[in-house]
Amino acid sequence: MSYTDIVYEEREQIAYIAINRPEVMNAFRGQTVEEMIQAMTKAGWDKNIAAIVLTGTGDRAFCTGGDQSAHSGQYDGRGTAGLPIEELHSAIRDVPKPVIARVQGYAIGGGNVLATLCDMTIASEKAVFGQVGPKVGSVDPGWGTAYLAHVVGEKKAREIWYMCRRYNAQEALAMGLCNVVVPHDQLDAEVTKWGRELVEKSPTAIAIAKRSFNASTEHIRGIGSLGMQALSLYYNTDESKEGVRAFLEKRKPDFRKWVK
Ligand SMILES: CC(C)(COP(=O)(O)OP(=O)(O)OC[C@H]1O[C@@H](n2cnc3c(N)ncnc32)[C@H](O)[C@@H]1OP(=O)(O)O)[C@@H](O)C(=O)NCCC(=O)NCCSC(=O)c1cc(O)c2ccccc2c1O
């Protein structure tokens, strides 16, 4: 398959999937998510691949979530809310090998959810993490909220979602949102080092460990798919549309005007 929205590479038994939409800070549209699912599944079930690195091209953004310019009530792809994002989340969870988020810039909105869902996160000191849902008329009702609480704790997860603040790499490290922070120019060397170490490990032991880690949070998949139905209805409200309009018009949203 040839890709338009991502770059896919394999080096030294490590697969690299990079969102390649720097003009929108590596935000994803329907096509992007389809390609990511395809690449994640291909790498995930290839016995020669030991680890998968998920990242974005350029220096500004890992991923800033849904492409707001491809959003008018619903996104432009398939799936409950116009993006097959649940399938991508499932692919990251289900592939029997470690997925590493290489975060070199903004990991915001749905981009933050992707980084959270990866098995491990390696961040550059320039990385910025955060949620924007309640600022732009959206929310991730499964992995992005409930699973985040497993990763950083209930209080911090609620702060992240309700307050929509940005967190630098050191703050993310302190709350357990990433595994390590390295100087920006050493990020690729660090990612390669972790990848090479994984190549040396027993693939079956790692697959069993991953499934075992997954087991205790598997119920969140159901919460997410139920929540996606609600999100789809929410996207069609004036309250949600106000968030998208305000972002594109570069102004503060006035949600209270639209609450029914
Ligand atoms: C990332 C930012 C914090 C950066 O802020 P900064 O001030 O540095 O830069 P700008 O705001 O001026 O942005 C520069 C440039 O990039 C464009 N851009 C940035 N993000 C997006 C985006 N997501 N979509 C489209 N375009 C984007 C921006 O418009 C500027 O373009 P110019 O042409 O004017 O230069 C800040 O940009 C920011 O907060 N971005 C908001 C990101 C956002 O709203 N994300 C979507 C949240 S909702 C979501 O992610 C989501 C996730 C899911 O998993 C879903 C699943 C199913 C359905 C829906 C889902 C969903 O909505």
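Reader: Among contacts between residues at least 6 apart in sequence, what share joins residues at least 24 apart?
Author: 73% of them in this chain. A contact means two C-beta atoms, placed from the backbone, within 7 Å. This is a predicted model: local features need pLDDT of at least 70, side-chain atom pairs count only at pLDDT 80 or more, and totals for chains, interfaces and linings use all residues. Residues are numbered from 1 along each chain as its sequence is written.

Reader: OK, what does Ile52 touch?
Author: Leaving out residues up to four places away in sequence, Ile52 touches Ala15, Ile17, Met40, Ala43, Gly44, Val95, Lys97 and Val99.

Reader: And which residues have the most contacts inside the largest nonpolar core?
Author: Ile17, Met40, Ile52, Ala107 and Cys118, in a core of 68 residues. Such a core is a set of buried Ala, Val, Leu, Ile, Met, Phe, Trp, Tyr and Cys residues joined through C-beta atoms within 7 Å. Buried means 20 or more other C-beta atoms within 10 Å of the residue's own, all placed from the backbone.

Reader: Which strand gives the most to this core?
Author: Strand E2, residues 14-19, with six residues. Strands here are DSSP runs of E, at least two residues long; helices are runs of H or I, at least four; both are numbered from the N terminus.

Reader: How much of the chain is buried?
Author: Buried residues are 45% of the 260.

Reader: New topic. How many helices and strands does the chain have?
Author: Eleven helices and twelve strands.

Reader: What does the C-alpha trace span along its principal axes?
Author: About 55 × 35 × 35 Å.

Key. A residue is buried if 20 or more other C-beta atoms lie within 10 Å of its own, exposed if 12 or fewer, and partly exposed in between; C-beta atoms are placed from the backbone.
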